[in-house]
Amino acid sequence: DKAGIIVKQTRNGFTLMEMLIVVAVIAVLAAVAIPVISKNVHKSQEMADVANVRAYFAYLQADYMSTGKYLPGIGDESDGVGSDEIKYPDGTTVKLKVGRVFVIRPEDAVQETTSGYHVHYMCMTHYDDCSYTFGA
């Protein structure tokens, strides 16, 4: 007689609805995390650029203070576009990640009354407008 037997069913795995809920939760977490991670990556690239520009400014200032002269070909660009590379006189080149550098030196007529180079860094991305000036 089958009426007295209790059959126990066991489930293996997940139902389709449970899987859809898990996928939806993961999608929401990814949608929140990706912009935050992207902005943090940009900020770290910006800070790396600023450190490189600061080192370049220190190099230029040290050379100017020891010789009293400006290096030829550095800071006399008139295009106003700047550069995405830092080029040292010895041939070393540093590629900037998210911005541009502008090196300005005073006109020849006022060089006697100045204290060296002015170096500007500007971000060129949509995250934020950042600008740093060294030697102002």
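This is a predicted model: local features need pLDDT of at least 70, side-chain atom pairs count only at pLDDT 80 or more; totals for chains, interfaces and linings use all residues.
1. A residue is called buried here when its relative accessible area is under 20%, with a 1.4 Å probe and protein chains only as cover.

2. Because the torsion about the S-S bond of Cys123 and Cys130 is about 85°, the disulfide is right-handed.

3. Cys123 also belongs to strand E4, which covers residues 118–123 and takes part in an open sheet of three strands, ordered E3-E4-E5 and paired in antiparallel fashion. The edges of this sheet are formed by strand E3 (99–104) and strand E5 (131–134), each of which pairs on one side only. Averaged over the sheet and with direction ignored, neighbouring strands are turned by 15° against each other.

4. As to how the strands are joined, strands of a sheet in general pair through backbone hydrogen bonds, in either a parallel or an antiparallel arrangement. Between E3 and E4, which run antiparallel, there are six bridges, and within this pairing Val101 stands opposite Tyr121 of E4. Between E4 and E5, likewise antiparallel, there are four bridges, and here His120 stands opposite Thr133 of E5.

5. Which residues of E4 lie on its covered face, and which on its uncovered one? The covered face consists of Val119, Tyr121 and Cys123, whereas His118, His120 and Met122 make up the uncovered face. In a regular strand the side chains alternate between the two faces of the sheet. Read together with the pairings, this places Tyr121, the residue opposite Val101, on the covered face of E4, while His120, the residue opposite Thr133, is on the uncovered face.

6. A separate point concerns the surface, where Leu16, Met17, Leu20, Ile21, Val25 and Leu29 make a nonpolar patch of about 650 Å². One of these residues, Leu20, has its place in helix H1, which spans residues 16–67.

Key:
Residues are numbered from 1 along each chain as its sequence is written. Side-chain values use heavy atoms; hydrogens and water are left out. Patches are made of residues with over 30% relative accessible area and no salt bridge: like charges are joined within 9 Å, nonpolar side chains (Val, Leu, Ile, Met, Phe, Trp, Tyr) within 5 Å. Accessible areas come from the Shrake-Rupley method with a 1.4 Å probe; for residues, only the protein chains shown count as cover. A salt bridge is a side-chain nitrogen of Lys or Arg within 4 Å of a carboxyl oxygen of Asp or Glu. Helices (H or I, at least four residues) and strands (E, at least two) are DSSP runs, numbered from the N terminus. A disulfide is a pair of cysteine sulfur atoms within 2.5 Å. Two strands pair if DSSP finds at least two bridges between them. Axes are lines fitted to C-alpha atoms, for helices over the stretch in contact, and angles run from 0 to 180 degrees between N-to-C directions. Buried means under 20% relative accessible area, exposed over 50%, partly exposed in between (1.4 Å probe, protein chains only).
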